[in-house]
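Thanks for coming, everyone. Have the structure open, please.

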Amino acid sequence: MKRPIKFHNHPFRFLLYLEWILLAIATISAVMPYPSPKFSSRFPEIATASLIIFGLMGLRLPTGNKITKIIYTAFEVLLILITGFVGGRASRLFPFIYIILVTRSCLIFNLSGRLVVTFISFILFLLTLQQRLHNFPVSPQAQERFQFFTLSLSLLFGLSLIFVLLLMNTVLSERQSREELAIANEKLRQYALRIENQATLEERNRIAREIHDSLGHSLTALNLQLETALKLSQSNPSKAQSFLARAKELGSKALQDVRQSISTMRSHPLQEQSLEQAVRGLLEDFQHANGFSPICIINLEDSLPNELKTAIYRIIQESLTNISKHAQATEVRIELDKTPRSLRLTIEDNGKGFDFKQNTTGFGLQSMRDRTLAIGGVFNILSAPGYGCKITVDIPQMRLNK
């Protein structure tokens, strides 16, 4: 199956307009009468048609197939040669038409193809110039001066082609760099959106687990208490009253869990306050709920990036929530210390402990582990039934400098 020939619009409209202006001048020169028959166009219609076709070819440049590009360029050269043979005064503009050819080749070919077209243009210019010189014989006295003029013109045209080639290469390189930069920025923006969506999804999953573990348990127990009270309301009202009192406590606990879950949905928990101040607020809430205050030691000389502060805050918050609900601890110790190699967060309690290999979902451990991995840290946990729990988070030094 043959591949379709593909073309694209001229990428630089101002160059196309300059080409058309130059070709329009050449067309006018070809059709205008001239007193001397040497300069008159023998076939002005053919020269005009060739120039018009050459100009219109700039609207669509070939892409993809290398053979198509070669045929396209060869046809352009053919049109230039036809104009040179029958164009009369239009042939005076041959150097500029070859410059147009080199400019278009820079938009079509790679560097090797551009060099080949530039070399061919220079050779054709020399042949055309040599043919024109034969039509104007000069005296022997002016022969040397005429040769010097021809050599200077050839060198000037060659340098002009090189200048155009270098200029187009620079413009195209800059254009390509801008396109690559735009693509990289778009990929970076999409990646940032994916990371943001992933973080939002993880936070929603964490809140969903929190609601399931706390609010779901409280509502289930509340429903059981109400059903029992309803059954005993006729036969044993006093005992039913105790179940209703317990149901009221569970309702208050469920309401408190809802408020706590909603408060964790804030986008910026550390907004307008330092990490120490935010942690102090968590400790106060923990003291009100459990009757004792954890021991907290924070040794930070320098300020941390917001990403790290938020992650550390969430890990401490999750740990205190788990201790309050499940650990039955009487002592809690939190240490945040910066060492020469890393930043270490340690959270330790003397509660009942658990087997973390068998139970890793109900205590929010997966959420803390995910947060630690997101900031490039290492998450470790040490616990056993009856021996409390110790959580350690190590963040490498290179992450602290970002």
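Let me start with a definition: a residue is buried under 20% relative accessible area, exposed over 50%, and partly exposed in between, using a 1.4 Å probe and protein chains only. By that rule E76 is buried, because its relative accessibility is 1%.

Now a word on where this comes from. It is a predicted model, so local features need pLDDT of at least 70, side-chain atom pairs count only at pLDDT 80 or more, and totals for chains, interfaces and linings use all residues. Residues are numbered from 1 along each chain as its sequence is written, and side-chain values use heavy atoms, with hydrogens and water left out.

Back to E76. It lies in helix α3, residues 66-86. Helices here are DSSP runs of H or I with at least four residues, strands are runs of E with at least two, and both are numbered from the N terminus. What is E76 in contact with, leaving aside its neighbours within four places in sequence? The list is F54, M57, L101 and R104. Contact means heavy atoms within 4.5 Å.

A salt bridge needs a side-chain nitrogen of Lys or Arg within 4 Å of a carboxyl oxygen of Asp or Glu. The pair links distant parts of the chain: R104 sits in helix α4, residues 94-108, and E76 in helix α3, 28 residues apart. Is R104 buried or exposed? Buried, because its relative accessibility is 0%.

The whole structure has 7 salt bridges. Two others are in helix α6, residues 140-235. E174 pairs with R178, closest N and O atoms 2.8 Å apart. Both lie in α6, 4 residues apart, about one turn of the helix. E174 is partly exposed at 41%, while R178 is exposed at 58%. R175 pairs with E179, with 3.5 Å between the closest N and O atoms. These two are also in helix α6, 4 residues apart.

Next, rings. A search of the whole structure finds 5 aromatic pairs. One is Y17 with W20, a tilted pair, 6.0 Å centre to centre and 50 degrees between the planes. Rings of Phe, Tyr and Trp (its six-membered ring) pair if their centres lie within 6.5 Å; planes under 30 degrees apart are stacked, over 60 edge-to-face, and the rest tilted. Y17 and W20 are 3 residues apart in helix α1, residues 13-31, so about one helical turn separates them. Y98 and F157 form an edge-to-face pair, 6.4 Å centre to centre and 70 degrees between the planes. Y98 lies in helix α4 and F157 in helix α6, so the pair ties together parts 59 residues apart in sequence. Y98 is buried at 0%, and F157 is buried at 5%. Ring pairs also link Y98, F122, F125 and F157 into a cluster.

Last, two helices. The axes of α8 (residues 275-290) and α9 (residues 306-327) come within 10 Å and cross at roughly 10 degrees. Therefore α8 is roughly parallel to α9. Axes are lines fitted to C-alpha atoms, for helices over the stretch in contact, with angles from 0 to 180 degrees between N-to-C directions. Under 35 degrees is roughly parallel, over 145 roughly antiparallel, 65 to 115 roughly perpendicular, and the rest oblique.

That's my tour. Over to you.
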